[in-house]
Amino acid sequence: QLVPFDNKLFMIGDRYAIALAANIFGELAADSALGFWPLNETSGTTATDYGSGAKNGTISGTVTLNSDGGLVNEAPKSRAIQFGSDGQIVTASPVFTATQNWTMECWIRTPSALNVDAEQLFYNGNGGSDGIAIGVGDGAGGAGSKLQIALYGGAGYIDTGQTLSVSTVYHVAVTRDTTTLRVYLNGVQVATSTGAVVAPTGQTYFPIAAAANDGFRLAYVAV
């Protein structure tokens with residue numbers, strides 16, 4: 001979302017606390033997001049965008065709709081899409097093209113096994129040549145189980161040092177002001193970077209699943 005950085009920074013920890021106790025759908029829907037995909041579809045091939053950009057995504061490949069999102073305090077209980085080896089959602093164009101004053105966030109539920117080959121869970125950009133991706137790997141683009149951020153065409157990979165557990169729900173947020181990118185895991189800052197960000201082009205994807213590493217569940221994706 002393109003908002004003053006300090007305002008959004010305040011909301012990240014608050015968002016995590018709210019989701020553990022109340023209705024995150026209502027919180028995000030009221031946040032004037034550029035893009036907001038609850039991923040609670042029960043049928044069809046369209047992932048509805050409730051954000052101001054109205055960039056609905058096309059669901060393709062192996063997916064399981066109406067999966068348990070894992071946020072047990074949600075009202076109603078959260079749903080998610082579980083992605084298989086070739087499952088993905090693609091929008092027709094990137095949700096934003098700015099290089100500063102934005103936030104990307106999502107809830108993920110990790111699969112029962114983690115040794116992921118640079119899994120991209122939420123990517124706003126063009127084919128690995130520009131933009132920003134939230135993913136899982138070894139922190140440098142290889143296989144692993146750590147939360148990593150990719151700044152394609154710019155600073156490269158950011159290793160957060162945070163190893164994810166299997167079958168666990170996490171809230172991930174990445175925000176950038178005019179100079180500094182910050183990564184949050186469950187409301188706690190875990191990494192920063194002042195490296196270059198190349199303006200996103202192309203599309204927005206979530207996720208691009210690696211063939212040997214399926215089972216991720218994704219819900220409440222927002223920008």
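The lining of the second largest cavity comprises 7 nonpolar, 3 polar and 1 charged residues. Here Ala, Val, Leu, Ile, Met, Phe, Trp, Tyr, Cys and Pro count as nonpolar, Asp, Glu, Lys and Arg as charged, and the others, Gly among them, as polar. The model is predicted: local features need pLDDT of at least 70, side-chain atom pairs count only at pLDDT 80 or more, and totals for chains, interfaces and linings use all residues. Residues are numbered from 1 along each chain as its sequence is written, and side-chain values use heavy atoms, with hydrogens and water left out.

A search of the whole structure gives 2 cavities of 30 Å³ or more. A cavity is a set of points, on a 1 Å grid over the protein atoms alone, where a 1.4 Å probe fits but cannot get out; lining residues have an atom within 4 Å of a point. Points are joined across faces, edges and corners, and the volume is the space filled by probe spheres set on them. The second largest cavity has a volume of about 30 Å³. Its lining has 11 residues, of which A133, G135, Q148, A150 and Y152 are the closest to the centre. Strand 9 (119-125), strand 10 (131-137) and strand 12 (146-151) each give two or more residues to this lining. Strands are DSSP runs of E, at least two residues long, numbered from the N terminus.

The structure holds 4 aromatic pairs. Rings of Phe, Tyr and Trp (its six-membered ring) pair if their centres lie within 6.5 Å; planes under 30 degrees apart count as stacked, over 60 as edge-to-face and the rest as tilted. F36 and Y50 form a tilted pair, because their planes stand at 50°, with the ring centres 6.1 Å apart. F36 lies in strand 1 (residues 36-37) and Y50 in the loop between strand 2 (46-47) and strand 3 (57-60), 14 residues apart. F36 is buried, at 1% relative accessibility, whereas Y50 is partly exposed at 47%. Buried means under 20% relative accessible area, exposed over 50%, and partly exposed in between (1.4 Å probe, protein chains only). Y152 and Y157 make an edge-to-face pair, with 6.1 Å between centres and 80° between planes. Y152 is buried at 12%; Y157 is partly exposed at 33%. Ring pairs join Y123, Y152 and Y157 into a cluster.

Y152 is also one of the contacts of V198. This residue sits in the loop between strand 16 (188-193) and strand 17 (203-206). V198 is partly exposed, with 29% relative accessibility. Leaving aside residues up to four places away in sequence, V198 touches T99, D130, G131, Y152, G153 and G154. Contact means heavy atoms within 4.5 Å. The C-alpha atoms of V198 and I132 are 8.2 Å apart, across 66 residues of chain.

Strand 7 (residues 102-109) is largely enclosed by the rest of the structure, because 7 of its 8 residues are buried. Strand 7 pairs with strand 14 (residues 169-176) in the antiparallel sense over 8 bridges. Pairing requires at least two DSSP bridges between two strands. In strand 14, V169 is the bridge partner of R109. Strand 7 also runs antiparallel to strand 18 (residues 217-222), joined by 4 bridges. There, R109 stands opposite R217.

Two asparagines have positive phi. N101, in the loop between strand 6 (88-90) and strand 7, has phi near 60°. N101 is partly exposed at 27% relative accessibility. N186 has phi of about 55° and lies in the loop between strand 15 (181-185) and strand 16.

Terms used: 1 Å grid on protein atoms, 1.4 Å probe; cavity = no way out; pocket = protein on both sides within 12 Å on 5 of 7 lines; lining within 4 Å.
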